[in-house]
Amino acid sequence: MPSVVKINVLTVPAEQREVLEKRFASRAHAVENSDGFEWFELLRPVEGTEQYLVYTRWRDEEAFQAWMEGPMKDAHRGGAEGERPKPAASGSTLWSFEVVQSAGPKGA
């Protein structure tokens with residue numbers, strides 16, 4: 001069964017970039033111990049767009065859904081009622097893919 005890739009496309013205004021990156025850094029290990037988790041990358045746009053890409057790879061769809069329903073919900077819940085910080089992104093779209101081919105450096 002091929003791995004699945006989820007790419008969350010976040011529209012982030014320039015003045016919110018630092019906020020977004022700090023929030024991800026503070027939760028850097030929230031996903032790493034999740035069953036079925038394989039890879040994470042936060043991709044900052046270089047030019048021509050305000051969209052960050054949050055790339056995660058999972059063993060299967062079930063592993064991703066389990067993370068979404070548990071650890072991800074907890075990480076985004078924030079503190080007590082009314083303490084949740086305003087989102088840094090002004091929009092979000094989730095793309096889903098199956099890995100059909102991959103390669104790494106020769107000899108790695």
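Reply: The secondary structure of this protein comes to two helices and four strands, where helices (H or I, at least four residues) and strands (E, at least two) are DSSP runs numbered from the N terminus. From that terminus on, the elements follow one another as β-α-β-β-α-β. The model is a predicted one, in which local features need pLDDT of at least 70 and side-chain atom pairs count only at pLDDT 80 or more, while totals for chains, interfaces and linings use all residues. Residues are numbered from 1 along each chain as its sequence is written, and side-chain values use heavy atoms, with hydrogens and water left out.

The four strands form an open sheet with the order 2-3-1-4 and antiparallel pairing, two strands being paired if DSSP finds at least two bridges between them. Strand 2 and strand 4 (91–98) stand at the edges, each with a single partner strand, so one side of each has no neighbour in the sheet. From one strand to the next the twist averages 15°, with axes taken as lines fitted to C-alpha atoms, for helices over the stretch in contact, and angles running from 0 to 180 degrees between N-to-C directions. Strand 2 and strand 3 pair in the antiparallel sense over six bridges, and Leu42 has Val54 in strand 3 as its bridge partner. Helix 1 packs on the sheet and touches strand 1, strand 2 and strand 3, its direction making about 20° with that of strand 3; contact here means heavy atoms within 4.5 Å.

Now to the salt bridges themselves, each defined as a side-chain nitrogen of Lys or Arg within 4 Å of a carboxyl oxygen of Asp or Glu. By this rule the count comes to six. One of them joins the side chains of Lys6 and Glu61, at 2.8 Å from N to O. This pair links distant parts of the chain, with Lys6 in strand 1 (residues 4–11) and Glu61 in helix 2 (residues 61–77), 55 residues apart. Lys6 is buried, at a relative accessible area of 4%, whereas Glu61 is partly exposed at 29%; buried means under 20% relative accessible area, exposed over 50%, and partly exposed in between (1.4 Å probe, protein chains only).

A salt bridge also connects Arg44 with Glu21, their closest N and O atoms lying 2.7 Å apart. Arg44 counts as exposed at 51% relative accessibility, and Glu21 as partly exposed at 23%.

Asp35 and Arg59 form a further salt bridge, with 2.9 Å between the closest N and O atoms. Because Asp35 lies in the loop between helix 1 and strand 2 and Arg59 in the loop between strand 3 and helix 2, the pair ties together parts that are 24 residues apart in sequence. Asp35 is exposed, with a relative accessible area of 58%, and Arg59 is partly exposed, with 36%. Both residues belong to a network of salt bridges that links Asp35, Arg59 and Asp60.

Pro2 is found in the segment before strand 1 and counts as partly exposed at 35% relative accessibility.
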